Every structure is written in C-alpha cells, then in structure tokens.
Amino acid sequence: MSMLIYDPGGVFKDGGISQEQLAELAPRLEAARQEVDQDDLALLAQGASLPAEREPLDAAFYPLPEELLKEQQRAGSESVVGRIEHLAGELRERVETVVLLGIGGSAAGARALMDASCHPYHNQRGGKPRFFFAGNSVDTGATRGLIDLLSSDPSPFAVLAISKSGATLETAIALRQFVALQQKLRTPDWPLATELVVPITAAGSRLDLIADQQGWSSRFRVPQQVGGRFSLLSPVGLLPAALLGIDLGALLQGAAAMNRRFRESPPGDNPVLDYAGVGHLAETTAGRTIRLLATWNESLYSTGLWYDQLLAESLGKEQRGATPLTTLNTRDLHSRAQQHQQGRRDKLITNLEVTRPGAEPLAVGPAPWDHDQLDGIEQRDLGDLERAAREGMDQALGEDGCPTARIELPGMDPFSLGEFYQMMMLATVVEGKLLGVNPYGQPGVEVYKQNMKRLLGLDKDENPAR
Ligand code: PA5
C-alpha cells in the first residue's frame, strides 16, 4: 500500500467546514460506498434490464483494473493488456510518430498520462515514438501546423483513432485528414496502410464500420458501460500509455489498490470518501461552489484538466455540481491567486502535492552577483522554494478565510498515478450519489453534438453505436 493521503487539513479552519459536519456525513458516505461497491455492480450484472431512471450506468470502470489484471494472468498475450503491449511493441518498431485522434474522455487521460510520465520535452528530444494529439478541436491553425510538421518528415506515422461513439465530428474529420496525409506521404518502405491506423471504439460504431471496410485489423474496444471520461484505464488510455513505455501492470495495480482502500477503509482514512465528503460539504454548506485543484508541477497540469472534465461532465447537471478549475503554480499565483484569496469566497482549493517528484533536485546556485540578494539560498533547491510558496500561499489564504485542503501523491510513478486516477473517478461517482445526480452520461454535450450536426446538414440518420 502506498502512502497516498488525502489530508483535509486546513479546510477545517474558519471559513471551511467543521470536523463535526464530516463526522455527521459518515453514514451517507457509507451508504454511497455501498451503492457504488455493491448495488450498482449488481444492477450492471443484470444486463439489459436497467430501470430507465438508472440509465446510463457506466459503472464498469470500477472493477476494470482487477478484471484486466486477472485476464492478463489467465490469457497472457491473448488478453487485452497482452495484446496492447504486443501492438505497442510492434508500432514502436514500425513508426517514429503516433498521432492520437480523440476529444474529451477519449484524449484527456492519455494526455495526462503522457505529461505526468514522460520527459517534458519528450517530442523535441527524440522520444520514440513522438506523440501528438489532434482531432480535439476544429482549429485550422493547429491541424495545419501538425500536417505541416508531419509533411516535412519522411518517416511513417501511425494514427490512433479513439472515439467510443465512433461518431464524434472532430475525431471523424481528423481521421479523414490524417489518413489522407498518410496516403499522400507513403513511400514503399512504409508499413502497410492497414497497419498504420488503430481504432479504439465501441462495437458496431461508424468508426468500427470504417475499420471493417478499410481492413484496419488492430482494433480495441471501449468496454461497454465504461463512459469516455471514465475510460483512462481501458484501452483508451492503456494503448497510448504502452506506446509511451508506461508500465501498464503498475498503473492497474495502483488503481486496484485504491479500489481495495475504497472498499475497506473507514471514512477518515479513505481518500475516496474523504475527498468526496469534504468537496460535498464545502459546496453544499459553505458556498464553495468552485473546486480548484492547485497543481505545482507542469507535468500534472493536464491531470488537472482531465479531472476538470470528469467533475464537470459528471456532476454539472440539474443546476448542481461544483465548477472545476485547475491552476498551475507558482505561475497562477501571479495571475489568478489575488482573486482566489480576496475575491468571492466560493472556492475550495486543494493542493496536489508530490512527495517525490522524480526529477533530480535543482539548486538555486551561485552567481557572480548578489544584487538579487539570493546568495543566502544558493544551496536551496526548487523543491524548497515550492514548499515555501505553497506554505506562504496557504497561510495567506487561511488568514483571509479561505482554508485549503491537500492531496499528497507519493510520486509520479505509474502505481501512484493509477491510485490517483481511480481515486478521483470513484470520488466523483460517490459525490454524484451524495448530490443526487447520475454521474454518468452527458446529456448536455449530446445536444451540442446533435445541434452541430444539424447545422451542418448531417443529422439524417442515427449513429449505429448509440
Ligand atoms: O465523457 C464522455 O463520454 C465524453 O466527454 C466523450 O469522451 C467525448 O464526447 C468524446 O466522445 P467519443 O469518445 O464518443 O468520441
């Protein structure tokens, strides 16, 4: 068991919530745990007979880590994890570059994993494969920029086309554009065209049909009842992770360890229940309707953005749900922090701290001048400065009636990341139970998607996968 701690710490000071409130919430947290751990899974196991008010019930993300690990033990190279690792090995041999096409939950997890695990200049320093993201906007400049970059390089690139519905316009359009680019650039020494596109989608989706027609034989499924933003530990996040050399076993074991802790530990020693409980109370009793995750490492900023989507799409329903906001410090201490400290008292600020960030410590260092008066701290490293900035910020916020909470991540190794991602997904579902909203599904987003298609004259028939 790792040391991942959720320490509500300072949040109990004036302006936050009280220990008594959290103790009073314990029976409801226990009930929510029972619903997630038993009732929802029992309902899922019944298959097609879900009551309409429980639709959708994308709860299958919860047991997924254990299921994938067990299947790997049983079926080895035939298992999903075995097949992912095999394909990742092959692609790493065949191509220099991978372009991931996907949006929302189909891309955010892979981006978070890459940034947390790889060198910050992975692509620039010759990381193999170079890894790019597209199909997550309709931005001409960004798309053309990547097309220009790939066009200037004779080496083959692979496309991962990730879309559960297989019908998301941004991804579908990018698929056309990047497959056309492959065709334009290919030379006889490139691998077969059919080996260079890997779809990850639901069975029977439009993307699945395209893959059938094109003969793209390496294909992975988004498991049924795993929603997009809960799909990080399915092939959606695992294939990109394997391509980037991230240890899938450790990632899944971390998530499985968090599942155990969720099931077995009492409130007060249960990161999932404690995080959900503090967030819920802060929102519903202290007016802290903005959930601010303060990151202190650039490599965790996209993890914060992944969580923004998770919280926003899961709980932002029926005019409820806290508004997520990720900040990157100390950068944002020089821009947003003034408002966070002395503006409206509507924010719960949680510091995401890393005990062992991984990179070698970097000292302030000597210089042939002392006009900056830094000689006194020349031996101190940037980690010391980060701690000083964080404590300084916490004190300043506390004195202004904005106490902060804290999540401590032992490191950015795959095991700790697996724990953290699973913790946040479970906590979001528990919070949905406390709030009384279905955390699964995103009815508002679906309306925008349909409207966009209608405005483009593309609303002729239904998506076969939905
Ligand atoms: O969480 C979700 O389900 C959404 O954010 C989807 O991931 C996003 O809309 C992309 O959908 P799809 O994977 O079907 O292309």
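Where is the place of Glu318? Glu318 sits in the loop between α11 (298–315) and β8. Helices (H or I, at least four residues) and strands (E, at least two) are DSSP runs, numbered from the N terminus. The model is predicted: local features need pLDDT of at least 70, side-chain atom pairs count only at pLDDT 80 or more, and totals for chains, interfaces and linings use all residues. Residues are numbered from 1 along each chain as its sequence is written, and side-chain values use heavy atoms, with hydrogens and water left out.

Glu318 has a phi near 50°, a positive value in a residue other than glycine. Glu318 is exposed, with a relative accessible area of 53%. Here buried means under 20% relative accessible area, exposed over 50%, and partly exposed in between (1.4 Å probe, protein chains only). Gln319 is also placed in the loop between α11 and β8. Its phi is positive too, about 60°, although Gln319 is not a glycine. Gln319 counts as exposed, at 86% relative accessibility.

Now turn to the interior. In soluble globular proteins, nonpolar side chains tend to be buried together. A nonpolar core is a set of buried Ala, Val, Leu, Ile, Met, Phe, Trp, Tyr and Cys residues joined through side-chain atoms within 4.5 Å. The largest such core has 122 residues. Phe178, Leu239, Trp306 and Val430 have the most contacts inside it. Helix α14 (residues 414–435) gives the largest share of this core, twelve residues. Another core, of seven residues, lies apart from it; among them are Leu292, Ala294, Leu397 and Cys402.

Which residues does Leu239 touch, leaving aside its neighbours within four places in sequence? Leu239 is in contact with Ile84, Leu87, Ala88, Leu160, Val198, Ile200 and Phe220. Contact means heavy atoms within 4.5 Å.

Next comes strand β2 (residues 97–101). Five of its five residues are buried, so β2 is largely enclosed by the rest of the structure. Both faces are covered. Thr97, Val99 and Leu101 are buried on one side, and Val98 and Leu100 on the other.

What does β2 pair with? Two strands pair if DSSP finds at least two bridges between them. Five bridges join β2 to strand β3 (residues 130–134), and the two run parallel. In this pairing, Val98 stands opposite Phe131. Five bridges also join β2 to strand β4 (residues 157–163), again in parallel. Here Leu100 faces Leu160 of β4.

The path from β2 to β3 deserves a look. β2, helix α4 (residues 108–117) and β3 make a right-handed β-α-β unit. A crossover is right-handed if, with the strands pointing away from the viewer, the path from the first strand over the helix to the second runs clockwise. Pro129 lies in the loop between α4 and β3. A cis peptide bond joins Lys128 and Pro129, with omega about -5°. A cis peptide bond also joins Asn329 and Thr330, with omega about 10°. Thr330 is in the loop between β8 (323–328) and α12 (337–342).

Last, the ligand. 14 residues surround the ligand, and the closest are Ser106, Ser163, Ser165, Thr168 and Gln309. A residue is near a molecule if one of its heavy atoms lies within 4 Å of it. A polar backbone atom of Lys164 is 2.8 Å from an oxygen atom of the ligand. For Gly228, a backbone N or O atom lies 3.3 Å from a ligand oxygen atom. Gln442 uses its side chain: an N or O atom there is 3.4 Å from an oxygen atom of the ligand.

Definitions and conventions: A polar contact is a pair of N or O atoms within 3.5 Å; within protein, one must be able to donate a hydrogen and the other to accept it, and residues adjacent in sequence count only if both atoms are side-chain atoms.
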